[in-house]
Amino acid sequence: MSTQVAEVLKQYPDAGRDKLIPILQDIQELDGFLSREAVLEVSSHLNLPASKIFGVATFYNQFTFEPQGKFHIQVCRGTACHVKGSATVLEHLERETGCQSGKTSSDGLFSIEVVACIGACGLAPVISINGEFYAGMTAEKVQSVVAEYRGKAGE
């Protein structure tokens, strides 16, 4: 058993299925994602089938089963962003970072996630990197922002 997962589960000694989401949130907070092993450990602790846990975790966008990059990029694909060219922004991000949406780059620096709406429609098209927003994105801005973060990785 992973020591981090064990530490989380210790905080929920007699937990039932009502504690599933808080447990998954705590594990993801520590590990950055939900590993297959972590899901199996939670399954054993809560006496729930792993398939039920995967079902719950895949229902909610907050959970991920892949390690995230050092710089996690969210690309808004809401209506305003779509109309203003977020599909092109996404294509350029994938090209510049070397990773596809839903994946992490081989160097571990970047991960890209497409989201339905960031809630910054007036800034469309918009992306967020580790919570920092970039508005009015264009192909040129993508190149500049990715280069900026590559520089930060080298510091």
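Lys10 is exposed, with 60% of its relative accessible area open; exposed means over 50%, buried under 20%, and partly exposed in between, using a 1.4 Å probe and protein chains only. The model is predicted, so local features need pLDDT of at least 70 and side-chain atom pairs count only at pLDDT 80 or more, while totals for chains, interfaces and linings use all residues. Residues are numbered from 1 along each chain as its sequence is written, and side-chain values use heavy atoms, with hydrogens and water left out.

## Salt bridges

Lys10 has a charged partner. Its side chain meets that of Glu7 in a salt bridge, at 3.3 Å from N to O. The term covers a side-chain nitrogen of Lys or Arg within 4 Å of a carboxyl oxygen of Asp or Glu. Glu7 and Lys10 are about one helical turn apart, because they sit three residues apart in helix H1. An α-helix has 3.6 residues a turn, so residues three or four places apart point the same way. Helices here are DSSP runs of H or I with at least four residues; strands are runs of E with at least two, and both are numbered from the N terminus.

By this rule there are three salt bridges. Another joins the side chains of Asp107 and Arg150, at 3.5 Å from N to O. Asp107 lies in the loop between H6 and strand E2 (110-115) and Arg150 in helix H7 (residues 139-154), so this pair ties together parts 43 residues apart in sequence. Lys152 pairs with Glu148, and their closest N and O atoms are also 3.5 Å apart. Both of these residues belong to helix H7, four residues apart, or about one turn of the helix.

How open are the side chains in these pairs? The table gives the values for Glu7, Lys10, Asp107, Arg150, Glu148 and Lys152.

| Residue | Relative accessible area | Class |
|---|---|---|
| Glu7 | 43% | partly exposed |
| Lys10 | 60% | exposed |
| Asp107 | 44% | partly exposed |
| Arg150 | 32% | partly exposed |
| Glu148 | 35% | partly exposed |
| Lys152 | 30% | partly exposed |

Glu94 is placed in helix H6 (residues 86-97). Glu94 is buried yet forms no salt bridge; the nearest side chain of opposite charge is Arg95, 8.0 Å away. What does the Glu94 side chain reach? It reaches the backbone nitrogen of Ser101 at 2.9 Å. That is a polar contact: a pair of N or O atoms within 3.5 Å, where within protein one must be able to donate a hydrogen and the other to accept it, and residues adjacent in sequence count only if both atoms are side-chain atoms. Not counting residues up to four places away in sequence, Glu94 touches Cys99, Gln100, Ser101 and Ile112. Contact means heavy atoms within 4.5 Å.

## His45 and helix H3

His45 lies in helix H3 (residues 36-46). Its relative accessibility is 28%, so His45 counts as partly exposed. The His45 side chain reaches the backbone oxygen of Tyr12 at 2.6 Å. Leaving aside neighbours within four places in sequence, His45 is in contact with Leu9, Tyr12 and Pro13. Ser105 sits 60 residues from His45 along the chain, and the two C-alpha atoms are separated by 33 Å.

Which residues of H3 are buried? They are Ala38, Val39, Glu41, Val42, Ser43 and Leu46. The buried residues of H3 pack against helix H1 (3-10), helix H2 (20-31) and helix H4 (50-59). Asn47 follows H3, and its phi is positive, near 55 degrees.

## The whole chain

The chain has seven helices and four strands. Along the sequence, the pattern reads α-α-α-α-β-α-α-β-β-β-α. The C-alpha trace spans about 55 × 35 × 20 Å along its principal axes.

Of the 155 residues in the chain, 38% are buried. Among contacts with a separation of 6 or more, 58% join residues 24 or more positions apart. The chain exposes about 8600 Å², and carbon and sulfur atoms supply 51% of that area. Areas come from the Shrake-Rupley method with a 1.4 Å probe; for residues, only the protein chains shown count as cover.

The chain carries 13 positive and 18 negative side chains, and the centres of the two sets lie 5 Å apart. Lys and Arg count as positive, Asp and Glu as negative; His and the chain ends are not counted. Each charge is placed at NZ of Lys, CZ of Arg, CG of Asp or CD of Glu.
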